[in-house]
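Here is a short briefing for a first look. Please keep the sequence and the 3D view open as you read.

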Amino acid sequence: GVWIPRSLFGGGGGGGVGATMAATTYATTPNAAAALDQFSRKLRRRQIQGSLPVAKRTAEVLRLVISSEKGASKNSLIDAVKRAGSLLQSSAPLEVSIGNITKRVLHIIRDEAAAVLEEAGGYDENKEKDQLKQESSTESMQNQMQELNLGEGVQKQRMTRLVSLHNLLDQVTTKGSAPEEKIDSARRERKLKHNVIEAISDLMDELEGLRTLIAEQAGEHIHAKESILTMGSQRTVESFLLDASKKRSFQLVVAEGAPLFTGHKLARDLAEAGIPTTLISDSAVFAMMARINKVIVSAHAVLANGGIIAAVGTRMLAMAAAKHAVPFVVLTGLHKLTPTFPQQSNMVMNDFFEPESLIAYDALADLQIHRDDNVQIPNPGFDYVPPHLVSLFVTDTGGVSPTYVYRLLKEFYSPADYD
């Protein structure tokens, strides 16, 4: 079957009243709670769709959650982001960009926390263990003296000897430095929070210019007099082809992308832009592939094994391209990269849309009236394309082979946040 990820934070389907009430507990200020609630409602009602718009709004809401979080320690920020991300993901389990951006933010927090700690001089792990042993030994001695009901004078004498013989200098130093340590800790937390907010703002700027960064690479992948095939209508692909048409002269073939037939609009728009365009039915893809030099599509998600989740019909396109040894190029932003494998247990079956695009409602009603239970009308929305059918990913940072995806996962996500 065709699979797409479930909630990347263990959530299930829809939100409802429970998700709305949870929003107030996932943020520390009314502004953050209201933003979470509003975004969650829009996701459940599908008022905001598409990987890029969802990713942008997710980053914006998470930045607000962090800025309004009272605690500024690494753990408090991670907990706040995880709770907010889980709420949003449960409102739209199939929008993998929510989980991806949340994991990116978690990775940012961990990186910035390590950088702040390193700048402050870091810590000695052995020294910390010795200190814990020392505190444990002192506490044990105090408990033993209390159990033996020793007199107050004897207890003072024993404790004085303990301090004077072993750690008198350390005790004095610790007492004198405690206020300074608290001040330094507060400063580090404020700096951490500031750096994290700045890094998320940079991430939002990257998302804003993502399509432009991908389109600027068009001249490197589309050459003069080539025949390019695509399917349906995808804004990233449209921007890519329009930018290429400014530098190269090429022929475009558009498969209509049934059952929504979004390819009709793409063919019309690109033809009006001066690109020679041919519109074909999806069933004619294999027959036309012998004349094609390159297939260019977009993806809904890029999985950890280098495979993709894309619009229904894309796998057929990829198989036809592989049969004719035609390069199959996928345009995708890195916000679609998800550390999830297609065979993982936290996967659900493909999303199915209403049958309206396949059969008129009056005909459907007629079938129901006659109780023809033998007629089923599934309308899947996505295909899974395995990595061996993908030739190249063109991302906002450049071209990437499917075998290189695992390196990108290490660069943008922390293994601790995969689940």
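The notes below cover a sheet, a helix contact and a pocket.

This is a predicted model. An open sheet of three strands runs in the order β6-β7-β10. Helices α5 and α15 cross at roughly 55 degrees. The largest pocket holds about 1,300 Å³ of space.

**The sheet**

- Pairing in the three-stranded sheet is antiparallel.
- β6 (301-302) and β10 (382-385) are the edge strands; each has a single partner strand, so one side of each lacks a neighbour in the sheet.
- Four bridges join β7 (residues 308-311) to β10 in the antiparallel sense.
- Ala310 has Asp383 of β10 as its bridge partner.
- Helix α13 (residues 314-323) packs on the sheet and touches β7 and β10. The direction of α13 makes about 35 degrees with that of β10.

**The helix contact**

- The axes of α5 (residues 96-119) and α15 (residues 405-412) come within 9 Å.
- Their crossing angle of roughly 55 degrees makes α5 oblique to α15.
- From α5, Lys103, Arg104 and His107 make the contact; from α15, Lys410, Glu411 and Phe412 do.
- By class, four of these residues are charged, one is polar and one is nonpolar.

**The largest pocket**

- The largest pocket is lined by 44 residues. Closest to its centre are Gln49, Gly50, His300, Phe353 and Phe382.
- α2 (30-44), α3 (51-68), α8 (210-215), α10 (235-245) and β7 each give at least two lining residues.
- α3 supplies the largest share, three residues.
- The lining has 20 nonpolar, 16 polar and eight charged residues.

Terms used:
Residues numbered from 1 in each chain as written. Predicted model: local features only at pLDDT ≥ 70, side-chain atom pairs only at ≥ 80, totals over all residues. Heavy atoms only, no water. Pairing = 2+ DSSP bridges. Contact = heavy atoms within 4.5 Å. Axes fitted to C-alpha atoms, helices over the stretch in contact; angles between N-to-C directions. Parallel < 35°, antiparallel > 145°, perpendicular 65-115°, else oblique. Nonpolar A, V, L, I, M, F, W, Y, C, P; charged D, E, K, R; others polar. 1 Å grid on protein atoms, 1.4 Å probe; cavity = no way out; pocket = protein on both sides within 12 Å on 5 of 7 lines; lining within 4 Å. Points joined across faces, edges and corners; volume = space filled by probe spheres on them.
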